[in-house]
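Open the model and keep the viewer at hand.

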Amino acid sequence: MLLLLDILTTAAILFVVSVGLLAIFGVLKIINFAHGAWLTIGAYCAVVAVKMGLNPWAGLPIAFVVGALLGGIAELLIIRPLYRRPLDAILATWGLGIVIGQLITLEFGRDVQLIPNLMSGTIRVLSVDYSVYRLFVLLAALVIGALFALTIEGTRLGLAARAVIMNETLARSLGIDTDRVRLVIFMIGAGLAALAGVLLTPLTSVDPNMGVAWLIGAFMLVMVADTSYLALAAACIVFGGVQVLVSTFVSPVLGGISIAVLAALVLRINSRGFSRA
Amino acid sequence: MTAKLFAASAVTLLLATVAHAADSGPIVIGVPVGLSGANSVVAPSVVQEAQLAVDEINAAGGVLGRKLQLEVADDASGAAGAQKAFDSLIYQKKVDALISMETSAARNAGLPAVGKGHVPYIYTSFYEGHSCNKYMYVDAWVPEQQVPPIIDNFVKDKGAKTYFLIGSDYAFGRGMLGFTRKYIEKVGGKVVGEEYLPMDGADWTPILSKLKDAKPDAIITSTAGGAPNVTLTKQMRAAGINLPYANLAVDEGTAKSMGSDATGIYLSASYVTGIDSPENKKFLDAASKKFGADLKTPNDLSVPEYEAVYLYKLAVEKAGSTDPAKVIESLPTVSFTGPRGEIKMDKEHHAPLTMYLGQVQSDGTVKVAATFKDVDPGDQCPNLK
């Protein structure tokens, strides 16, 4: 039971962390290597919110809005000229991530920041005591996933986004303002990353480099999921499951690299990864 | 002929002036320290304490009538940076001594230059032990001094028999827990689990589930400082684990940044700010007077730096000069009573230290739960006299 909960909550955390990256990669076809920096921005939004005397939960909406606004600025100034040069975009976003990390260091210092936990304690699930917060993250992942699905499948923006994913030239010739779609999707992706940053604060340390540890895993998951959020969910459950199983029964050191190894294996066997599923 | 003689005497005169200048000018102490990289959080406090000691000594008349002067260099917390920092301090700045807290990688990279340049070197960081060099003395703790107070206390007060060890996967983490395991087995305890996560790992969940399954009496952790330590403690508390918990890598500053999650953690150190002695009170007053709001909390890495400057001063005075051969002769013979108590580096280039077992309180301060007088560092360098 403990093992099952570990797998489910680990998959949920991976999903929350990587869904913003997936949104941007799916529509914009560029990999946002500043994703880790947006996670960090989100966490520091929570720090600032608490310092201003707000309820720690207020960090969630604040981070989403701040992350989306900063994402919008970054898209207009840095990402937009680079859509036709995806390799340069990798460099530019990686550099942007470093700049953001240093700006945060300048303002807040390198120290670990203290935030009161959103939730603490354990709850009895069937036969085991389990962390309330990890179960909450599982719920949050389901809610975020459902809202994401609704946006993509059920709204005009989602329709336009899917059109851009399938054939951007055709979409533009049909009168869809693809520049605006890109901007909005980048803002949503950045906002989701910042939101994930807040959700991570009770689980991890808040410091200027906190995003880096999560970036690689998210990147691998998005590589195998391609553009589909359902494939991402599947990849999170499979990879997260393997990570937990390897860590539990073999060694946590090997468990730490299992996502990278699995991603390489999956892409070797089937270059489209999980997206056909 | 006359011209030659004149030139020769001019050179002699010049040399004499230079030599004279070297004897009456300041005594230069090199401080290679990790201003950037992993140590950058703690390095500013180390520099502050070195500055404080130098200013106090200069205000009291200096050493043998000469002033002390600091020369700080960034070693970037690693081997490559340390080589450059040691080379430039020894060969360009011509320092009389090196006194510094550094990572083990930086220390090992700098030692060859210390041996070639014949410069006395006081290493002021706690470390994994058994680093030996004719020119190096250590005034901070090694595992033989830090671990036993914790285990002894857990055995005696908590009746703990089974232990679970968790660490970051690197030299210091594995070294500390390796010694801990040996010591636990020596006193008749049992290690029911020993798990490591890579230094950049952020998810301790599977290890914590194993810990719950193993049902130990107590937990000992030794992670890399800062982020991994905070992450592990947060996740442990979230998983509802409230066993006796000793953290070999936590300091007061980190404990404070963990907030309520840190409450109850045991730590073992040769310095905590709560030491109740006149020397510590005087030191803390002087430090807060000098640096005011900019004061970085004095800690187990910065206070040994402060004391090492005094130990060097006493050694130079006893030797009557800054001659390296004489100074390294007299270094193990002098003792200084500082904030941590009496320090004398007379045990194979290491120092017996008074260790404090502290427990983090709910307001983030550390309360001294037990004091262990003059804990012996053991046989660190049997081949050095």
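This is a predicted model. Start where two chains come together. The buried residues of helix α11 of chain A pack against α9 (210-225) and α10 (229-249) of chain A. They also pack against β7 (190-197) and α7 (205-214) of chain B. Which residues of α11(A) are buried? They are A:P252, A:G255, A:G256, A:I259 and A:A263.

Now look along that helix. α11(A) covers residues 252-269, 18 residues in total. From its first C-alpha to its last it reaches 26 Å, close to the 26 Å expected at 1.5 Å a residue. The helix also has a kink of about 45°.

In soluble globular proteins, nonpolar side chains tend to be buried together. Here the largest nonpolar core counts 205 residues. Which of them touch the most other members? They are A:V16, A:L221 and A:L232. Helix α1 (residues 2-28) of chain A gives this core its largest share, 19 residues. Take A:V16 and set aside its neighbours within four places in sequence. A:V16 is then in contact with A:V137, A:A140, A:A141, A:I144, A:A196 and A:L199.

Next, move to chain B and find its open sheet. Strands of a sheet pair through backbone hydrogen bonds, either parallel or antiparallel. In this sheet the pairing is parallel. Five strands of chain B make it up, in the order β2-β1-β3-β4-β5. The edges are β2 (68-74) and β5 (136-138) of chain B, each pairing on one side only. On average, neighbouring strands are turned by 25° against each other, direction ignored.

Helix α11 of chain B, residues 303-319, packs on this sheet. It touches β1 (27-33), β3 (97-100) and β4 of chain B. The direction of α11(B) makes about 155° with that of β3(B).

Strand β4 (residues 121-123) of chain B runs parallel to β5(B), and three bridges join them. One residue of β4(B) to pick out is B:Y123, whose bridge partner in β5(B) is B:V138.

Finish at a loop. B:D363 sits between β13 (353-360) and β14 (366-375) of chain B. Is B:D363 buried or exposed? It counts as exposed, because it has 8 C-beta neighbours inside 10 Å, and 12 or fewer is the cut-off for exposed. From C-alpha to C-alpha, B:D363 and B:P44 are 24 Å apart in space. In sequence, 319 residues separate B:D363 from B:P44.

Methods. Residues are numbered from 1 along each chain as its sequence is written. Chains are lettered from A and ligands numbered from 1 in the order in which they are written. This is a predicted model: local features need pLDDT of at least 70, side-chain atom pairs count only at pLDDT 80 or more; totals for chains, interfaces and linings use all residues. Two strands pair if DSSP finds at least two bridges between them. Helices (H or I, at least four residues) and strands (E, at least two) are DSSP runs, numbered from the N terminus. Axes are lines fitted to C-alpha atoms, for helices over the stretch in contact, and angles run from 0 to 180 degrees between N-to-C directions. Two residues are in contact if their C-beta atoms, placed from the backbone, lie within 7 Å. The expected span of a helix is 1.5 Å times one less than its number of residues. The bend at a residue is the angle between axes fitted to the seven residues ending there and the seven starting there. A residue is buried if 20 or more other C-beta atoms lie within 10 Å of its own, exposed if 12 or fewer, and partly exposed in between; C-beta atoms are placed from the backbone. A nonpolar core is a set of buried Ala, Val, Leu, Ile, Met, Phe, Trp, Tyr and Cys residues joined through C-beta atoms within 7 Å.
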